[in-house]
Amino acid sequence: MLIVMDTNAGAEAVARVCREIEAMGLKSHPIPGSIRTAIGITGNKARVDADRILAQAGVKEIIHVTKPFKLVSREFFPDDTVVDVDGVKIGGPEIIVMAGPCAVESREQCMTIAEQVVKSGARLMRGGAYKPRTSPYSFQGLGEDGLKILAEVREQFGLKIVTEAVDTEVLPLVVDYADMVQIGARNMQNFSLLRAAGRQPKPVLLKRGMSATLEEFLMAAEYIMAEGNSSVVLCERGVRTFADHTRNTLDLSAVPFVKRTSHLPIIVDPSHGTGKREKVLPLSRAAIAAGADGLIIEVHYDPANALSDGIQSITPPSFADLMKEVRAIAGVLGRTCA
Ligand code: PEP
Ligand code: MN
């Protein structure tokens, strides 16, 4: 439910309505706008007594939000959200590209890749220190040692760090080292992890579950926002279908859908989305053309010997070429790219 205040309702009137909402056992979310303030209501399990709210001074009208998601919806927040990752702004005019290996393998590996991707215009370095692997016998990541390497990359190259927290146990450590916390596809409906991510201060990169509908995806973001963290960036990374020419089917129609339904930024992962190196460039082009706010790309200088996801990793020179094309497409759309 959304309360629209009169254009001339002042701060005191807004505060009074918020107090009334809280007195009804609900949560209020004032949304100041350029013309008037709106107040979102969450926490209503039963029908809200609309007359009680309409009776308050300064209340113009009540809009019933029809979608199950509230804080993530454009009905609540009509303006685009720009997520600030320690100075790097995602969701504004600049296309933001995150790049790096699937997994942090060694200090040398990360330093070498970081040096090259930063030159090509990447703004964040990706790399898993904790890896959600299908097999328990596969490389699981370097853990805290990997996080320390990523912190060194930030120190040396100024790249911000995005890395995955695979469970609530490692989340606090990831929060200590990273600039942005990644929640992986396999955890998109790990509700305790989502809640915990909503209670920590770093922005969150939330990846779409491999068989999640867009409503489920947005509801997962709602879990994070409901705990007070509104810095959420969504990531389309492909879903499971009958198709077997790619690892996943990259659903680029998710981008315009999310843009219309939500105010949150959305980026695209063509690496996991296709699982095939040669498809990363064409789908990166398409993602930007579809309106994505950025990309996350797996880059490795020796894909054949990568400890994970080598088949979908592109080399640093290919990444440089990709960035040139992304920059050109961004320009056509009136956007920029470093
Ligand atoms: C990743 O980005 O390293 C990853 C494991 O991706 P996803 O969760 O989308 O499979
Ligand atoms: Mn990977």
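The protein exposes about 14,300 Å² of surface, and carbon and sulfur atoms supply 52% of that area (Shrake-Rupley method, 1.4 Å probe). Before going on, note that this is a predicted model, where local features need pLDDT of at least 70 and side-chain atom pairs count only at pLDDT 80 or more, while totals for chains, interfaces and linings use all residues. Residues are numbered from 1 along each chain as its sequence is written, chains are lettered from A and ligands numbered from 1 in the order in which they are written, and side-chain values use heavy atoms, leaving out hydrogens and water.

Let's look at the overall build. You can find 11 helices and 15 strands in the protein (DSSP runs of at least four residues in H or I for helices, and at least two in E for strands, numbered from the N terminus). The radius of gyration is 21 Å, close to the 20 Å from the globule rule for 338 residues, so the protein is as compact as a globular protein of that length (taken over C-alpha atoms; the rule is 2.2 Å times the number of residues to the power 0.38). Of the 338 residues, 55% are buried, meaning under 20% relative accessible area with a 1.4 Å probe, protein chains only.

Now find the manganese ion (ligand 2). Its protein donors are Cys102 (SG), His272 (NE2), Glu298 (OE) and Asp309 (OD), at 2.0 to 2.4 Å (donors are N, O and S atoms within 2.8 Å of the metal, or 3.2 Å for Na, K and Ca; water is not among the atoms, so sites may look incomplete). His272 sits in helix H9 (residues 270–274) and Glu298 in strand E14 (residues 294–298), so this pair ties together parts 26 residues apart in sequence. His272 counts as buried at 8% relative accessibility, and Glu298 is buried too, at 0%.

Definitions and conventions. Buried < 20%, exposed > 50% of the residue type's maximum accessible area, 1.4 Å probe, protein only.
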